[in-house]
Amino acid sequence: MTNRQRTAGSNSLSPRRRTVVKAAAATAVLAAPLAAAWPAGAVEAPAFLHGVASGDPLPDGILLWTRVTPTAEAVPGSGLGPDTEVGWIVAADKAFTNVVAKGSVTATAASDHTVKADVRGLAPATDYWFRFSAGGTDSPAARTRTAPAADAAVANLRFGVVSCANWEAGYFSSYRHLAARGDLDAWLHLGDYIYEYGTGQYGTRDTVVRQHAPAHEILTLADYRIRHGRYKTDPDLQALHAVAPVVAIWDDHEFANDAWSGGAENHTEGAEGAWTARQAAAKQAYFEWMPVRTATAGTTYRRLRFGKLADLSLLDLRSFRSQQVSVGNGSVDDPDRTITGRAQLDWLKAGLKSSDTTWRLVGNSVMISPFAIGSLSADLLKPLAELLGLPKEGLALNTDQWDGYTDDRRELLAHLRSNAIRNTVFLTGDIHMAWANDVPVNAGTYPLSASAATEFVVTSVSSDNLDDILKVPEGTVTALAAPVIQVANRHVHWVDTDRHGYGVLDITAERAQMDYYVLSDKTKQNATSAWARSYRTRNGTQKVERTYSPV
């Protein structure tokens with residue numbers, strides 16, 4: 001990724017302008033609770049109801065984000081509300097006595113009144129405080145942090161790692177517990193930041209804990225904006241955005257379930273409009289509502305560097321992929337099928353080969369480690385197939401993961417081996433389970449064959465996993481399924497099929513360690529968090545090993 005230099009005080013690029021159709025139904029859904037949130041006598045004053053955020057840290061800069069609500073009717077997706085000047089300020093201290101950069105940007109209905117400021121000219125590896133203002137109203141203040149200088153010797157990095165947050169299935173306590181740590185350089189969101197389904201249509205253990213807005217499946221630009229807006233009202237999500245910069249990629253549910261370049265499992269062409277229009281709307285809303293720089297080809301694949309210790313290659317595994325294989329629909333081994341697209345795979349290979357950092361991290365939305373079902377009993381195989389989206393006719397792999405695109409995986413892993421590229425760690429979400437895996441060159445002969453990399457997979461924040469699907473007590477399925485999975489997949493060191501939570505990745509020159517944390521109950525706003533397991537990979541080994549305490 002090429003980063004164009006900008007000076008402190010400069011504004012972000014003008015948002016794309018598109019015709020916005022007034023979403024009357026959306027306004028009706030949200031106007032009443034929004035108006036109730038306004039201070040008495042101040043209904044016409046701007047408000048910052050969706051929090052503030054930062055993202056994509058660079059050694060000299062950070063991307064700042066907020067949404068301003070200029071008038072009570074200017075709810076997300078409405079297309080209503082006047083142009084509003086929004087000031088931003090960055091300081092070296094929480095009291096804002098030492099201001100280092102400031103500027104302003106105009107919020108318009110064309111960008112759903114979201115704004116970004118790509119601030120440059122900052123010092124590397126430094127904490128900063130920022131806030132926005134409009135019409136005499138200040139936003140909440142928030143902390144952010146720049147990346148280390150590219151040539152800096154960095155002793156330690158620490159990232160929160162999350163994925164898969166279904167609003168209706170529970171509360172976002174994982175975000176609250178990560179925010180409370182106060183020790184994160186950044187946090188990684190590996191996809192499914194939002195979900196596209198209508199109310200009650202997706203995984204809630206038959207209980208909608210809190211209802212989506214809009215209530216129907218999201219299809220239009222206004223719909224996607226409303227859904228992003230609803231998510232951004234969550235206090236735990238706002239708290240995490242306010243303490244550390246996010247580095248995010250999208251997966252399928254930012255669009256529709258099992259999305260590929262030409263459609264999605266959860267999209268009916270014609271009846272739900274054209275896929276090209278829906279995909280474009282989803283991407284526009286994502287870049288409006290997320291503190292993410294638009295990257296190569298208008299997607300989320302890009303690369304960030306954190307001194308000499310680590311670089312992070314972030315993938316987009318939805319925009320360029322071939323359609324998933326199903327029965328009678330091609331072969332997973334077809335070399336003409338791709339999960340990355342040719343250009344992105346070449347970019348990834350080149351970046352991994354040329355990297356001079358100790359660790360090469362890959363933000364990877366779906367699991368790259370091979371996974372054979374093994375001899376699971378029918379009562380476990382059926383819900384597992386539902387969770388993984390396996391064809392009902394039976395196929396012993398998940399074709400939405402890299403397992404469905406074996407030629408791309410073979411080429412990438414062969415590249416790592418033939419070029420002696422060490423210390424590649426895939427960081428993965430999507431599957432609603434926690435895993436610690438070696439990534440074997442040949443799973444059929446592992447462990448006699450080599451491991452080319454390692455993979456840490458985090459479970460879901462709230463989206464249903466196996467115990468939720470079966471409606472059994474937590475831990476029941478893991479106790480039965482994990483041993484069978486590990487027998488059939490000798491490169492899998494650990495799998496937890498049942499619990500919700502998050503990861504904390506801690507990196508030093510000697511090792512990269514993932515600490516896995518789990519929640520007491522995703523349906524409770526005050527859910528507690530507890531350490532569950534830790535795994536690490538030591539420098540030069542390309543192997544995962546258990547360690548018995550968190551960092």
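Helices (H or I, at least four residues) and strands (E, at least two) are DSSP runs, numbered from the N terminus. The crossing of H3 and H5 is right-handed, a term used if the near helix is turned clockwise from the far one by less than a right angle.

Where the two helices are in contact, meaning heavy atoms within 4.5 Å, H3 contributes Leu-221, Tyr-224, Arg-225, His-228 and Gly-229, and among the residues they meet in H5 are Arg-278, Ala-281 and Trp-289.

## A bent helix

Helix H10 (residues 476-488) bends by about 30° at Ala-482, with a proline, Pro-483, following within four residues; the bend at a residue is the angle between axes fitted to the seven residues ending there and the seven starting there. Ala-482 is also one of the buried residues of H10, together with Val-477, Thr-478, Ala-481 and Ile-485, where buried means under 20% relative accessible area, exposed over 50%, and partly exposed in between (1.4 Å probe, protein chains only).

## An enclosed strand and its partner

Strand S1 (residues 52-58) is largely enclosed by the rest of the structure, because seven of its seven residues are buried. S1 pairs with strand S2 (residues 61-67) in the antiparallel sense over five bridges, pairing being assigned if DSSP finds at least two bridges between two strands. A hairpin through two residues joins S1 to S2, and Ala-53 has Trp-65 in S2 as its bridge partner.

## A buried aspartate

Asp-506 lies in strand S21 (residues 501-507) and counts as buried because its relative accessibility is 1%. Beyond its neighbours within four places in sequence, Asp-506 is in contact with several residues, including Asn-156, Arg-158 and Val-551. Asp-506 and Pro-550 are 44 residues apart in sequence, yet 9.4 Å apart in space, C-alpha to C-alpha.

The mean pLDDT of the chain is 89, and 88% of its residues reach 70 or more; pLDDT is the predictor's confidence in each residue, from 0 to 100. It stays under 50 over residues 1-43 and over residues 391-396. Where pLDDT is low, the predicted coordinates should not be read in detail.

Residues are numbered from 1 along each chain as its sequence is written, and side-chain values use heavy atoms, with hydrogens and water left out. Local features need pLDDT of at least 70 and side-chain atom pairs count only at pLDDT 80 or more, whereas totals for chains, interfaces and linings use all residues.
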